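Let's take a friendly walk through a protein chain and see how its parts meet. Keep the structure open beside you as you read.

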Amino acid sequence: MEAMQDLNRRRTLLHAAYDSSTVRAMERPLLDRGVPLMRMAAGAAAHVAAQMLDDENIDIEDAAIVLLVGGGDNGGDGLYAAAALADEGAQVTAIAVGTSVHEAGFAAFVRAGGRTLVLDPAADIPGIVAGFSAGEAAERVRTAIDIAEQADLIIDAMTGIGLRGPLRGLPGTMAALLGVKPDENGHVPLPDRPALPNRENDGHLPLVLAIDTPSGIGVNDGTLPGPVIPADVTVMFGAMKPCAMLPPATFACGRLVLVDFSFDLSDQVPVAVAVDDALAEQAIRLPRVTDSKYSRGVVGLVTGSTRYPGAAVLSCEAAARANTGMIRYLGPERAQNMVLAAIPEAVIGKGHVQSWTIGCGAPDAHNAEPDDIQRATAAALLEHYALSADADNTQALAMPPIVVDAGALDMLPKHVPAHVVITPHAGELAELANRLADDGQAQRSSRASHAGARRSEPIAAQNVMDEPLHYARFAADSTGATVLLKGAVTMVVSPACKYGQSETNDAGSPIDVSSPTRAVAHTNANVDTSAGTQPVLVCGSAPAWLATAGAGDVLAGLIGGLLAGNAVGDNGWKAEDIARIAASGAYVHGMAAAIASESEQHGWQEPDLFGQAQPQRFTAIGHPIIASDVARAIGDALADIIA
């Protein structure tokens with residue numbers, strides 16, 4: 001029993017992320033008992049730094065290391081780590097970016113022989129002369145940049161998890177000059193580097209090690225609100241923070257190393273949960289000896305068009321391979337013929353189904369002919385899912401789950417049940433967000449000062465990529481749909497329950513992501529998902545090779561197949577089950593792409609747990625693929641998950 005509890009806790013630790021206030025609350029009992037968390041953090045950081053240098057064949061005695069240090073505990077972690085590295089023979093320079101530093105940590109650093117460069121004329125640091133002129137202050141910044149750029153390793157310990165908003169002052173200046181900074185539209189571009197397995201360094205120097213989180217990152221929402229120095233490795237303490245999982249911040253964290261402080265995770269609700277084999281396995285219904293093709297799930301697809309018939313083939317093949325018993329296809333004659341040529345098992349025409357997938361390859365309102373048959377069919381189907389606050393919603397709630405993709409997104413009713421899954425990419429979500437904002441249903445941006453998202457300006461795809469969690473949540477809460485926002489790290493957000501969708505389970509019940517049920521938190525009509533009580537499910541199993549035409553068609557068909565296979569009869573669907581199955585579909589999709597491309601690179605993978613044996617990591621970059629390769633690999637991906 002104890003061994004199982006340890007295994008469950010480890011799985012939770014590696015697949016759940018908690019906001020900064022929750023992390024503070026979990027560390028408080030340890031601090032009250034006198035557990036030396038700072039020394040534990042510093043020792044781990046020093047060990048990771050030395051390993052990073054060793055991986056690049058740099059001897060510690062020959063290494064030049066720069067510590068960017070602010071005040072507070074994060075700076076203390078960095079100073080103690082720098083002192084340990086100096087004791088090992090490294091040449092370490094601490095560049096103080098604030099008016100103070102952690103005194104005990106600084107004393108240890110000085111005793112170890114570390115050198116210090118102070119940038120703020122108003123600094124009050126023991127043994128350091130300040131009060132220099134503005135001209136000298138500017139010269140010191142230039143000197144600091146020169147020293148940092150020539151270093152082998154930069155340790156970023158400027159700010160901790162308590163920072164809100166962008167870096168300002170000297171920390172902001174250093175991050176802007178050494179890392180990346182917002183462009184004229186407020187977008188912070190990440191370095192243009194190859195996507196390598198395990199987020200390995202591509203050979204550039206200096207290496208960057210972030211202490212707990214990269215300074216200036218959106219710790220709780222995964223944004224990049226201002227200048228930041230992207231890390232090659234982030235050594236994170238106690239528990240993962242949301243920025244470790246959520247895009248775009250996760251890509252600025254580099255490889256993750258998690259230091260376990262033995263937090264009590266049992267009563268904590270995470271902000272984000274990463275999908276893994278154990279969670280995805282729940283969405284794969286194993287066949288029964290009493291099954292027929294109908295009981296294994298039937299998917300109806302209204303996909304493809306005269307212009308894009310290939311989308312019909314890709315979505316149908318994915319649905320057929322997603323552990324279903326049958327697919328039914330509705331579409332133009334050319335697409336029908338292509339579907340039957342590729343999947344002779346397909347049935348053409350209407351009939352009973354357990355799920356729908358619509359919109360893949362269908363034209364949107366801007367590109368459709370007035371009498372487009374696919375749009376007419378999709379629109380008629382979606383009308384059955386429309387909810388109203390003052391009408392009987394029995395029919396809508398009883399409809400089978402439906403995946404709404406691409407050309408059908410602009411026909412989404414204003415309010416729908418949670419078993420409507422929309423699967424936009426950033427550009428499509430921006431278009432939906434504009435429509436909702438024009439209807440007065442949502443704000444355009446969570447950043448009041450966002451240069452590119454003022455209310456008078458339309459929401460662009462880049463705005464969504466900058467704040468994906470914000471826009472996914474507001475689309476879910478505004479429409480009632482489950483939102484799957486596609487990307488290198490895909491996010492699935494459940495809505496708050498509305499318009500007669502009754503969920504009676506505790507909204508505040510803790511989420512144990514490693515339990516046999518691996519259930520996500522329940523929702524009810526009083527839950528505000530934008531407040532973070534409903535965790536976002538994230539999936540980064542896919543390699544970058546998956547960015548190819550038709551991949552979204554495969555995903556939509558795959559999710560439709562998993563939903564059909566998990567049909568619940570007349571008892572209705574729970575929002576958390578829909579989110580789990582949709583996220584599992586994204587996970588299987590990514591796994592299939594990894595198998596097809598023979599790649600070990602993933603958009604996200606679980607952190608290394610410091611001081612413990614690590615799973616074997618492989619370094620195969622892989623090769624290009626096309627969407628049909630992914631569809632054909634779905635069976636192998638399912639087999640790997642249930643093995």
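## A definition to start with

A salt bridge is a side-chain nitrogen of Lys or Arg within 4 Å of a carboxyl oxygen of Asp or Glu. Side chains of opposite charge can pair when their charged atoms come close. Keep in mind that what you see here is a predicted model.

With that definition in hand, turn to the two domains: one salt bridge is counted between domain 1 and domain 2.

## Two domains

The protein chain splits into domain 1, made of residues 2-28 + 40-181 + 203-269, and domain 2, made of residues 277-642. Taken over C-alpha atoms, the centres of domain 1 and domain 2 are 37 Å apart.

How many residues of domain 1 are in contact with domain 2? There are 34 residues on the domain 1 side, touching 28 residues of domain 2. Between them, domain 1 and domain 2 bury about 2500 Å², and 64% of that lies on carbon and sulfur atoms. On the side of domain 1, the residues that lose the most area to domain 2 are R10, L14 and V269, which together make up 21% of what that side buries.

## Who takes part at the boundary

Domain 1 and domain 2 also share seven residue pairs in polar contact. The biggest giver is α1, with eight residues. Sorted by class, this side of domain 1 has 19 nonpolar, eight polar and seven charged residues.

The whole structure has 13 salt bridges. One of them joins D260 and R9, whose closest N and O atoms are 2.9 Å apart. D260 sits in the loop between β8 and β9 (272-274) while R9 belongs to helix α1, so this pair ties together parts that are 251 residues apart in sequence. Are these two residues buried, exposed or partly exposed? D260 counts as partly exposed because its relative accessibility is 22%, and R9 counts as partly exposed at 23%.

A second example lies within one helix. R28 and D32 meet through their side chains in a salt bridge, at 3.3 Å from N to O. Both belong to helix α2 (residues 20-32) and are four residues apart, so about one helical turn separates R28 from D32. R28 is partly exposed, with a relative accessible area of 45%, whereas D32 counts as exposed at 57% relative accessibility.

The side chains of D608 and R255 meet at 3.1 Å, N to O. Where do you find these two residues, buried or exposed? D608 is buried, and R255 is buried too.

## A look inside domain 1

Finally, visit helix α7 (residues 169-178). Which of its residues are buried? They are L170, P171, G172, M174, A175 and L178. Among the elements covering the buried residues of α7 are β2 (64-69), β3 (91-96), α6 (134-149) and β5 (153-157).

Key. Residues numbered from 1 in each chain as written. Predicted model: local features only at pLDDT ≥ 70, side-chain atom pairs only at ≥ 80, totals over all residues. Heavy atoms only, no water. Domains from an automatic or database assignment. Contact = heavy atoms within 4.5 Å. Buried area = accessible area lost by both parts, 1.4 Å probe. Polar contact = N/O pair within 3.5 Å; in protein donor to acceptor, adjacent residues only side chain to side chain. Helix = DSSP H or I, 4+ residues; strand = E, 2+ residues; numbered from the N terminus. Nonpolar A, V, L, I, M, F, W, Y, C, P; charged D, E, K, R; others polar. Buried < 20%, exposed > 50% of the residue type's maximum accessible area, 1.4 Å probe, protein only.
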